[in-house]
Each structure stands twice: as structure tokens, then as C-alpha cells.
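This report goes through one structure by topic, from its nonpolar cores to its charged pairs, its surface and its loops. Please keep the sequence and the model in view while reading.

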Amino acid sequence: DGRYLLVNNRFDEIFNLNRKAIIGKTDYDLFPESQADVFRANDRKVLATGRALESEEVADLNGEPRTYFSTKFPLFDFNGVPSIVCGISTDITERKRNEEALLRSELKHRMLFEHANDAIFLMQGERFIDCNNKTLAIFGCNRSDIIGNTPLAFSPPRQYDGQASSV
């Protein structure tokens, strides 16, 4: 019925609760309903499938949402029926924030890259791995004409100020 039977010291510390006060409580006694709904749904899934489940779960800590990578797995009774859910959660909030910041930075740089008024090529070693739209317009070609080629192998007709010339 979703009642806590045991928690470790770290759970007590993180949520500033007394272990004895937690035992017998449900997620709905400890967390906001929307969070408890997610936790309970994951627990039910573990019991229904009899298999471990890995997921990200969010829990409020001092009014701040924290993201946890949770692994939940069943314990089986003597008849082989899953009857208890055990969980191990690792706080990944900082990693998630860093990933989001990196994504925002990548999007910003991609926008600058794509909308620059200059031809921009990206290379890895000797080969082109990307170019911006202005490059395609200037050289009058497709990405597939450039990507994977070396500078020496790439020589499409060049369009610039309406004048065609060779590179």
C-alpha cells in the first residue's frame, strides 16, 4: 500500500525528517500530491512488471525542486510475487542544470552560426564536418557537396555579388 518500511540516514538528512516519523507514511504524507503521484506510479510499475525501473524523479527540497536518478526494484515474497519496492536515488540536479545550460549555449551558437553573414566551415582534421547556410548560398551548393570533403577536393562554382567564378 506504498508505506515506507525503512529509509537510510541520508533520506533523513536530505528531507530533514526523523526516520521514526517516516516509517508507515506514504509518499502522499511526505511530498506534494503531483510528486507523490509520480513516485507511486513508478512503484506500481515495478510491482506490476516485477522488474527494475530507472527514471528521473523530482522532489522538492526546502522549496527547491531537485532531480534524482532513481532505480527502483522489487523484492519478492516466498511465493515469488513482487511485494516490496526498494529504491536508490542519486541527486543529479547540478548535472541537469549543466546539461540545460549547455543546450542553451549550443542553441545560441547554432543560431549565430546559421545566421552569420559570412561563410563558416567547421573541420575535423582534414575534412569539413559542417558549414552554415551562407556558405551554401555563396558557393551555390548543397551540404552534401561539402561535408566529408577536404578543402582540396571541394571546388564548386562560387556565387558572390552575382558574379560566378572558380575557387
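## Nonpolar cores

Leaving aside residues up to four places away in sequence, Phe 11 touches Tyr 4, Leu 17, Ile 22, Leu 30 and Phe 31, where contact means heavy atoms within 4.5 Å. The largest nonpolar core has ten residues in all, namely Tyr 4, Val 7, Phe 11, Phe 15, Ile 22, Phe 31, Phe 39, Ala 59, Leu 61 and Tyr 68. The elements that contribute two or more residues to this core are α1 and β1. Apart from it lies another core, of eight residues, which include Cys 131, Phe 139, Cys 141 and Phe 154.

A nonpolar core is here a set of buried Ala, Val, Leu, Ile, Met, Phe, Trp, Tyr and Cys residues joined through side-chain atoms within 4.5 Å. Buried stands for under 20% relative accessible area, exposed for over 50%, and partly exposed for what is in between, with a 1.4 Å probe and protein chains only. Helices (H or I, at least four residues) and strands (E, at least two) are DSSP runs numbered from the N terminus.

## Basis of the model

This is a predicted model, in which local features need pLDDT of at least 70 and side-chain atom pairs count only at pLDDT 80 or more, whereas totals for chains, interfaces and linings use all residues. Residues are numbered from 1 along each chain as its sequence is written, and side-chain values use heavy atoms, with hydrogens and water left out.

Side chains of opposite charge can pair when their charged atoms come close. With a salt bridge taken as a side-chain nitrogen of Lys or Arg within 4 Å of a carboxyl oxygen of Asp or Glu, the count comes to 15 salt bridges. One of them joins Asp 43 to Lys 72, with the closest N and O atoms 2.8 Å apart. This pair links distant parts of the chain, since Asp 43 belongs to helix α4 (residues 33–49) and Lys 72 to strand β2, 29 residues apart. Asp 43 is buried at a relative accessible area of 11%, and Lys 72 is buried at 9%.

Glu 64 forms a salt bridge with Arg 97, for which the closest N and O atoms are 2.2 Å apart. Because Glu 64 lies in strand β2 and Arg 97 in helix α5 (residues 93–115), the pair ties together parts that are 33 residues apart in sequence. Glu 64 is partly exposed, with a relative accessible area of 30%, and Arg 97 counts as partly exposed at 34%.

Glu 114 counts as buried at 16% relative accessibility, while Arg 110 is partly exposed at 37%. Elsewhere, salt bridges that share partners join Glu 64, Arg 66, Asp 91, Glu 94 and Arg 97 into one network.

Ser 55 is found in strand β1 and counts as buried, at 16% relative accessibility. Its side chain is joined to that of Asn 42 by a polar contact of 3.3 Å; the term covers a pair of N or O atoms within 3.5 Å, where within protein one must be able to donate a hydrogen and the other to accept it, and residues adjacent in sequence count only if both atoms are side-chain atoms. Not counting residues up to four places away in sequence, Ser 55 touches Asn 42, Tyr 68, Phe 69 and Ser 70.

## Exposed loop positions

Two asparagines have positive phi angles. Asn 16 has a phi of about 50° although it is not a glycine, and its place is in the loop between α1 (9–15) and α2 (19–22), where it is exposed with a relative accessible area of 67%. Asn 62, with phi near 55°, is in the loop between β1 (53–61) and β2 (64–76) and counts as exposed at 77% relative accessibility.

Gly 125 is found in the loop between β4 (121–124) and β5 (127–131), and at 63% relative accessibility Gly 125 counts as exposed. The C-alpha atoms of Gly 125 and Thr 150 are separated by 9.2 Å, and the two residues are 25 residues apart along the chain.
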